[in-house]
Amino acid sequence: MRTISENRCFGGMQGVYAHASEVTGCEMTFGLFLPAEAIERPVPVLWYLSGLTCTHENAMVKAGAQRFAAEQGIALVFPDTSPRGPGVADDAAYDLGQGAGFYVNATQDPWAPHFRMWDYLAQELPRVVTAGFEIAEDRQAITGHSMGGHGALTLAMSLPGRFRSVSAFAPIANPTGSDWGRKQFAAYLGPDESRWRAHDASVLMAERGFDGEVLIDQGASDQFLDLLRPEALAQAMAVRRQPGAFRMQKGYDHSYFFVSTFIEDHIAFHAEALWR
């Protein structure tokens with residue numbers, strides 16, 4: 001692992017690091033905020049997964065999360081959204097290829113050799129982070145925005161016991177029923193739609209739910225509502241009687257202005273579960 005940058009931030013440290021990934025077969029970059037308490041002891045961690053076209057940097061710079069994480073004494077990890085590099089497959093479209101990993105393990109060419117973001121986030125990066133920094137392995141939570149909200153929800157429901165809480169900002173809630181999902185799943189996973197279901201938050205919510213609290217914020221004026229399909233997830237939560245909250249926020253869109261408005265709520269929500 002190599003250090004790209006480290007900056008003092010709210011009494012802690014905002015770092016950016018890179019490492020050679022065996023899972024993706026290329027160098028991967030991630031951001032990590034450590035609160036002051038990490039100097040003395042391992043601290044809980046909140047994973048933040050970003051959306052389409054994003055890198056590790058978008059949420060790290062735009063969400064304003066470090067201040068509230070410092071107040072709660074928790075770390076923040078900002079992974080990248082896909083493998084990258086000249087030898088990594090890509091596409092001219094913004095919603096496929098580099099910057100659009102969709103948090104799955106691709107099985108189809110040309111994506112399969114590098115696009116293994118599920119294993120990267122479920123296995124490899126947690127090992128890298130807990131081995132290199134003062135992170136409490138048994139106190140983890142996860143959140144994300146848009147494509148990252150999809151990833152956060154599917155990882156949380158598929159890895160029981162890993163995360164104490166999960167939240168999402170405007171998640172791609174029903175990708176098997178949306179062009180933000182069907183296109184990518186067909187490319188990465190192949191034409192067998194039964195394989196797609198394991199990566200649909202609404203399907204997983206209906207089938208198994210989450211063994212903790214869930215918080216969803218969705219802008220009611222989001223320009224991508226038809227692609228996100230929040231009603232499918234809200235209905236699945238209601239039918240399952242999933243503990244948590246689904247909040248439609250009047251007047252808010254899909255931007256980081258929306259995320260930064262409600263990030264304090266989400267960090268407080270996760271801190272309560274992480275310190276319980």
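The lining of the largest pocket divides into 6 nonpolar residues, 6 polar ones and no charged ones. This pocket belongs to a predicted model, and its volume is about 160 Å³. Here is a short tour of the pocket, a cavity, a helix pair and a hairpin.

**The largest pocket**

**The cavity**
- The model has 1 cavity of 30 Å³ or more, and about 50 Å³ of space lies in the largest cavity.
- Strand E4 (43-49), helix H3 and strand E6 (135-144) are the elements that each give two or more residues to the lining of the largest cavity.
- H3 gives the most, with 3 residues.
- Among the lining residues are Trp47, Leu121, Ile142, Arg162 and Phe163.
- By type, the lining of the largest cavity holds 9 nonpolar residues, 1 polar and 1 charged.

**Helices H3 and H4**
- H3 (residues 117-132) packs against H4 (residues 147-158) at an angle of about 55°, and their axes are 12 Å apart.
- Because of that angle, H3 is oblique to H4.
- The crossing of H3 and H4 is right-handed.

**The hairpin of E1 and E2**
- Strands E1 (residues 2-9) and E2 (residues 12-20) pair in the antiparallel sense, over 7 bridges.
- Across this pairing, threonine 3 stands opposite tyrosine 17 in E2.
- The hairpin has 2 residues between the strands, and phenylalanine 10 takes a positive phi near 50°.

Conventions:
Residues numbered from 1 in each chain as written. Predicted model: local features only at pLDDT ≥ 70, side-chain atom pairs only at ≥ 80, totals over all residues. Heavy atoms only, no water. 1 Å grid on protein atoms, 1.4 Å probe; cavity = no way out; pocket = protein on both sides within 12 Å on 5 of 7 lines; lining within 4 Å. Points joined across faces, edges and corners; volume = space filled by probe spheres on them. Nonpolar A, V, L, I, M, F, W, Y, C, P; charged D, E, K, R; others polar. Pairing = 2+ DSSP bridges. Helix = DSSP H or I, 4+ residues; strand = E, 2+ residues; numbered from the N terminus. Axes fitted to C-alpha atoms, helices over the stretch in contact; angles between N-to-C directions. Parallel < 35°, antiparallel > 145°, perpendicular 65-115°, else oblique. Left-handed = near helix turned anticlockwise from the far one by under 90°.
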